[in-house]
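Subject: Structure for you, with notes

Hello,

Here is the structure I promised to pass on. Please open it next to this message, and then read the notes below it.

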Amino acid sequence: MASGEGFLTDEQREVLKIASQNVETALPSPRLSSSPKSPTSLLCDIQLKVPAGGKAPTGGIAVRHVRRSHSGKFVRVKKDGAGGKGTWGKLLDTDGESHIDRNDPNYDSGEEPYQLVGSTISDPLDEYKKAVVSIIEEYFSTSDVELVASDLKDLGSNEYHPYFIKRLVSMAMDRHDKEKEMASVLLSSLYADVISPHQIRDGFVMLLESADDLAVDILDAVDILALFISRAVVDEILPPAFITRAKKILPESSKGYQVLQTAEKSYLSAPHHPELLERRWGGSTHVTVEEMKKKIADLLREYVESGDTFEACRCIRELDVSFFHHEVVKRALVLAMEIPTAEPHMLKLLKEAAEEGLISSSQMVKGFARLAESLDDLALDIPSAKALFQSIVLKAISQGWLDASFGKSSYDDGEAQNEDKKLNLYKKEIVTIIHEYFLSDDIPELIRSLEDLGMPEFNPIFLKKLITLAMDRKNREKEMASVLLSALHIEIFSTEDIVNGFVMLLESAEDTALDILDASNELALFLARAVIDDVLVPFNLEEITSKLPPNCSGSETVKMVRSLITARHAGERLLRCWGGGTGWAVEDAKDKIMKLLEEYESGGVVAEACHCIRDLGMPFFNHEVVKKALVMAMEKKNDRMLDLLQVCFNEGLITINQMTKGFTRVKDGLDDLALDFPNAKGKFSFYKEYAQKKGWLLPSFGSSTTEALPTAAAS
């Protein structure tokens with residue numbers, strides 16, 4: 001019997017065969033069924049017949065699926081081998097908690113149960129802020145400007161640079177003077193090359209907006225931040241106009257507004273403020289921008305004398321300001337233009353520096369670009385500056401040490417150069433004329449000089465140069481410029497010339513503000529004074545605004561002018577805006593003219609009357625003398641006034657243009673005069689013909705008047 005154990009009977013073997021065939025044909029694909037039954041599992045469902053002897057036929061299958069209990073009874077195993085009482089259970093039984101022993105030599109971390117962990121998405125701005133803190137801390141320790149520039153470029157988040165400005169200054173504010181000075185030097189170094197001008201401005205605006213929070217932690221935050229802004233203005237990384245613009249976006253009650261007030265009134269308006277601000281945080285190991293410029297100028301002049309290129313390169317390297325090499329390029333080019341014999345040396349130096357990698361290509365292009373922007377001013381001292389610059393650009397590109405793309409946008413063709421030469425010559429001449437006027441106060445001589453130049457198409461440029469030069473001088477010259485403007489308007493300048501001149505001034509207001517701190521306010525005073533002096537009318541302000549480009553700071557200046565001229569007693573205040581000037585107020589001048597004419601009419605001497613007119617010192621306002629003399633002649637019915645005008649003309653005291661202006665003003669008011677003097681039109685016709693006959697009024701004057709007044713002329 002033992003031999004029969006472990007084998008199936010023929011009947012059982014036949015049943016197994018049939019079951020297997022049925023499963024193969026009827027069983028669905030494993031992909032479609034999540035728990036298919038295997039052939040062997042089907043066998044569990046077959047009723048096994050147990051012989052009468054109490055023993056089941058023994059076999060491989062029976063051993064797996066049939067178990068004997070301790071009581072001797074056969075127990076059928078649960079489906080999939082889970083077993084019942086007294087069995088081990090199925091292989092992957094998940095009913096109980098499984099335990100993984102990490103000390104087991106066969107431990108596999110992959111068997112650990114997975115757990116979903118929530119993770120936050122990283123914000124690029126947060127990452128940038130964290131990174132710049134370490135960069136700034138390292139800079140305060142090493143003073144390595146180039147490393148900071150390199151690290152910022154590696155971050156690659158240029159749009160976040162305003163946050164760097166804010167973090168740098170706010171961290172420096174809570175430290176010693178050394179770190180404050182280092183922060184200012186770093187900002188000047190990164191300006192334009194790494195951080196753009198508008199990002200610098202945005203960074204400081206963010207600081208102003210957070211000034212209230214900074215003041216909680218830093219007691220003197222207002223004063224320190226005002227110093228940083230003032231220093232940025234002095235270092236030319238913020239325009240002075242920044243303060244005016246920032247005030248418009250900040251509440252007056254905010255700490256940020258107090259910062260701007262402090263910067264404007266306490267620091268930027270102080271005498272010698274650039275020197276004071278650059279030395280405010282004493283003990284710095286850095287040299288100031290002005291000192292660095294002086295060192296560069298000195299080494300270049302020494303190089304011109306020695307011609308030692310190797311030594312010059314060594315000196316440039318020792319300066320250790322690779323971020324400021326554009327200044328070396330600019331000053332070298334200026335010297336090459338100023339001293340013709342120095343040009344070969346300077347080009348050789350720049351070529352050597354470029355080939356050695358001492359001056360980078362970006363610094364080289366920046367130096368050329370800076371000079372190109374200032375060529376108009378340079379041309380006043382070097383008339384051929386633009387032609388020389390173009391020649392140097394072509395040489396630099398051909399020798400390979402200047403990017404070829406720079407030359408494409410530098411200049412136009414030779415015809416434009418000829419026009420530039422003519423303009424440059426004019427600019428040079430008018431600077432001399434204006435300087436002479438400031439010394440002599442001789443308006444007629446200035447007018448003759450302009451007429452001798454014979455370039456009326458450049459009149460707006462003269463106005464721009466006149467006011468720009470006056471803005472950088474004392475009140476005396478400012479007053480003289482306003483007085484001259486009135487005279488020019490009467491004599492040789494048209495209203496269009498003056499409008500276009502002010503448009504040019506307003507368009508370049510931001511550049512002017514880099515050199516003249518209060519340029520915006522002073523320009524507003526000049527324009528408002530022109531309106532008060534009847535050089536322009538309020539409508540011309542609209543015309544000027546329409547000619548300005550969009551978002552131009554000059555538009556804000558025009559708005560300021562409107563406020564000035566509509567204020568109470570605006571005329572009197574603006575006429576005296578340049579306190580201590582040489583010009584009379586218009587109303588005072590009118591009173592003096594009336595008194596001297598009345599005195600002359602009552603029996604005065606012609607010579608004394610001419611002396612009084614000369615003492616007025618307002619040749620541009622002599623048309624008022626002509627007008628009042630003609631009206632008084634009508635009123636008194638006394639032609640003695642014509643004798644006075646004749647003498648004034650013969651002595652050159654009153655020009656023919658002033659005569660014409662005076663007669664024109666009387667002609668325009670004839671209808672009103674006729675109400676008081678019925679024969680006013682006839683008298684005017686007589687005076688006109690008398691003046692034309694004597695030669696102090698143009699024959700062409702009043703041809704239309706004669707036609708319009710035939711009756712008056714006949715009488």
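The notes below go from the whole chain to single residues.

First, the ground rules. This is a predicted model, in which local features need pLDDT of at least 70 and side-chain atom pairs count only at pLDDT 80 or more, while totals for chains, interfaces and linings use all residues. Residues are numbered from 1 along each chain as its sequence is written, and side-chain values use heavy atoms, with hydrogens and water left out.

**Whole chain**

The protein chain has 40 helices and two strands. Both are DSSP runs, numbered from the N terminus: helices are H or I with at least four residues, strands are E with at least two. Of the 715 residues in the protein chain, 42% are buried. Buried means under 20% relative accessible area, exposed means over 50%, and partly exposed is in between (1.4 Å probe, protein chains only).

The accessible surface of the protein chain is about 39,100 Å². Carbon and sulfur atoms hold 51% of that surface. Areas come from the Shrake-Rupley method with a 1.4 Å probe; for residues, only the protein chains shown count as cover.

Now contacts, meaning heavy atoms within 4.5 Å. Take those in the protein chain between residues at least 6 apart in sequence: 72% join residues at least 24 apart.

**Salt bridges**

A salt bridge here is a side-chain nitrogen of Lys or Arg within 4 Å of a carboxyl oxygen of Asp or Glu. The count by this rule is 24.

Start with Glu327. Its side chain meets that of Arg331 in a salt bridge, at 2.5 Å from N to O.

Is Glu327 buried or exposed? Glu327 is buried, at 2% relative accessibility. Arg331 is partly exposed at 29%. Arg370 is partly exposed too, at 23%.

Next, Glu556 and Lys559. They form a salt bridge whose closest N and O atoms are 3.8 Å apart. They lie three residues apart in helix H30 (residues 553–566), so about one helical turn separates them. Glu556 is partly exposed, with a relative accessible area of 33%. Lys559 is partly exposed as well, at 47%.

**A negative patch**

Which residues form a negative surface patch? They are Glu236, Glu338, Glu373, Asp377, Asp381, Asp472, Asp511 and Asp515. Two elements give two or more residues to the patch: helix H19 (375–381) and helix H27 (509–515).

The patch rule has several parts. Patch residues have over 30% relative accessible area and no salt bridge; like charges are joined within 9 Å, nonpolar side chains (Val, Leu, Ile, Met, Phe, Trp, Tyr) within 5 Å. Asp and Glu count as negative, Lys and Arg as positive; His and the chain ends are not counted. A charge is placed at NZ of Lys, CZ of Arg, CG of Asp or CD of Glu.

**Two positive phi angles**

Glu236 comes up again here. Its phi is near 65 degrees, a positive value in a residue other than glycine. Glu236 lies in the loop between helix H10 (221–234) and helix H11 (241–249). It is partly exposed, with a relative accessible area of 37%.

Ser143 is not a glycine either, yet has a positive phi of about 60 degrees. Ser143 lies in the loop between helix H4 (124–142) and helix H5 (145–155). It is partly exposed at 25% relative accessible area.

Glu522 is in helix H28 (residues 519–532). It is buried, with a relative accessible area of 14%. Neighbours within four places in sequence aside, Glu522 contacts Met471, Lys478 and Trp578.

Cys577 is in the loop between helix H31 (570–575) and helix H32 (586–601). With neighbours within four places set aside, Cys577 contacts Leu525 and Arg529. Cys577 and Asn475 are 102 residues apart in sequence, and their C-alpha atoms are 8.8 Å apart in space.

Best wishes
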